[in-house]
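Take a look at the fold below. We will walk through a few of its parts, one at a time.

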Amino acid sequence: MTPGARVQASIELLSLISKDIVPPDITLSDYFRRRRYAGSSDRRLIRERVYTVMRHRLKLDWYVQKTKFLLNTSSRSRVITELMLIERMNPKQILALFSGAKYSPIELDDDEKKYVAKLHRQPLCHNEMPRSVVLEYPNWMDHLLIDFFGERLELEINALNKPAPVDLRVNTLKLSRYQAQTVLSKAGINSNQTPFSPLGLRVDKHPQLRHMEAFKKGFVEIQDEGSQIIAILVGAQPGMTVVDFCAGTGGKTLALVTAMAMDGRLSGLLYACDVSAKRLSRMNDRIERAGAYGVKPIKISATDEKWICENAGQADRVLADVPCTGTGVWRRDPNAKWRYQYSDLCKIKIKQQSILQAASSLVRLGGRLIYSTCSILSEENDQQVAWFLKKNTNFSVLPIKEIWKETVGGPAPKSGNNLCLSPASTNTDGFFCAIMERYK
């Protein structure tokens, strides 16, 4: 592809991503699947530019709105600004890229030419930018993030804005972590054991893992170390009855299978519940690949009283990994920052409470309810746990350090009674986990 064609592809992808609710990587994969002519270097360069624009969107938009030469922000204006401020191109180079040639962007109009000339040699961070623009987070979250992080705000948000590493969970139904490392090494992929998860490997760079034999044969699953830890903290064991109440496409479900396996097969009952039949159908392919047979997928919602009543008080472990704002996964999905407003957070909190209450009814006496989110907002985490415990006096929180020692092993990250992970503190995505036991 020509440099101009790569710029046009970046603009097209950013437009698609802004309309999608799926993670950007899925949109990128679908886009390139239909464009086999794009070589590996083209894909890498386009991907890097797309993610760079997403990670600096507020600063790029700030310049567009400040100069007023462009009428509105768009994928095109953001790419022009990124080329000038981050890739440090000059106006002559921009004109060459926006040539109107085949596969290249159309030529700059007069306002765009004036904008490019004014932008030349400007810094990416301007001293007039407000804090939320410099740190790249929605302004409505300002007081929420400051209240939670305090003096660590800049450190934590900067870490969330950096590219994430690629983590794998080894499928111990098929091989050990050491054996998986050997398989990956033979395929030219270097990896290191993750510092916390005993099942994790962190690979160098961003290899095309889905095309590798190790992935196709189900030896490994792509899963952030933080997500792996949540599944391990459930404490699932062979013979138990376990419910993954918000299973999605089954990332944590598959990890639970390995914890409940005996002689390579699931021992006990494992229900994977979700409100979306589409997500559950995607889980079937993953189950087949991993050889994790025996999972019982169930399409239900938190208001599906029939199934919940039939199974009330039967589960040893119930994992409620609830829908949330996704603030903890910004480094993997920067576009998630712009999906919600404060009014949406209020609605999400109500949904989380409904799910948590329904999930708790499934827990037997002496069983555990595991509440988790991929959010860093206290409103979705500690405050929700406090709400639940006030309403359900037959549950109590178990100290996370004790559960960590019992399940994960090794030294636990610094934490209170509940677990808070973040890119700055643990180099994982942002996760929250509270483990509550039903004692009466």
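This is a predicted model, and the tour covers a helix pair, a sheet and a pocket.

Start with the helices. Two packed helices are described by the angle between their axes and the distance between the axes. Here the pair is α4, residues 57-67, and α5, residues 75-85. Their axes come within 9 Å and cross at roughly 100°. Angles of 65 to 115 degrees count as roughly perpendicular, so α4 is roughly perpendicular to α5. Which residues make the contact? From α4 come Arg57, Leu60, Asp61, Tyr63 and Val64. They meet Ser77, Arg78, Thr81, Glu82 and Leu85 in α5. By type, the residues of this contact are 4 nonpolar, 2 polar and 4 charged.

Now turn to the sheet. It is open and has 4 strands, in the order β2-β3-β1-β4. The pairing is antiparallel. β2 (191-193) and β4 (220-222) stand at the edges. Each has a single partner strand, so one side of each lacks a neighbour in the sheet. On average, neighbouring strands are turned by 35° against each other, direction ignored. In one of the bridges, serine 191 has valine 203 of β3 as its partner.

Finish at the second largest pocket. Its volume is about 250 Å³. The lining has 17 residues, and Phe149, Glu156, Cys420, Ser422 and Ser425 lie nearest the centre. Two or more lining residues come from each of α9 (142-149), β13 (419-421), α20 (423-426) and β14 (431-438). The lining divides into 9 nonpolar, 5 polar and 3 charged residues.

Key. Residues are numbered from 1 along each chain as its sequence is written. This is a predicted model: local features need pLDDT of at least 70, side-chain atom pairs count only at pLDDT 80 or more; totals for chains, interfaces and linings use all residues. Side-chain values use heavy atoms; hydrogens and water are left out. Axes are lines fitted to C-alpha atoms, for helices over the stretch in contact, and angles run from 0 to 180 degrees between N-to-C directions. Angles under 35 degrees count as roughly parallel, over 145 as roughly antiparallel, 65 to 115 as roughly perpendicular and the rest as oblique. Contact means heavy atoms within 4.5 Å. Ala, Val, Leu, Ile, Met, Phe, Trp, Tyr, Cys and Pro count as nonpolar, Asp, Glu, Lys and Arg as charged, and the others, Gly among them, as polar. On a 1 Å grid over the protein atoms alone, a cavity is a set of points where a 1.4 Å probe fits but cannot get out, and a pocket is an open set with protein on both sides within 12 Å along at least five of seven lines; lining residues have an atom within 4 Å of a point. Grid points are joined across faces, edges and corners, and a volume is the space filled by probe spheres set on the points. Two strands pair if DSSP finds at least two bridges between them.
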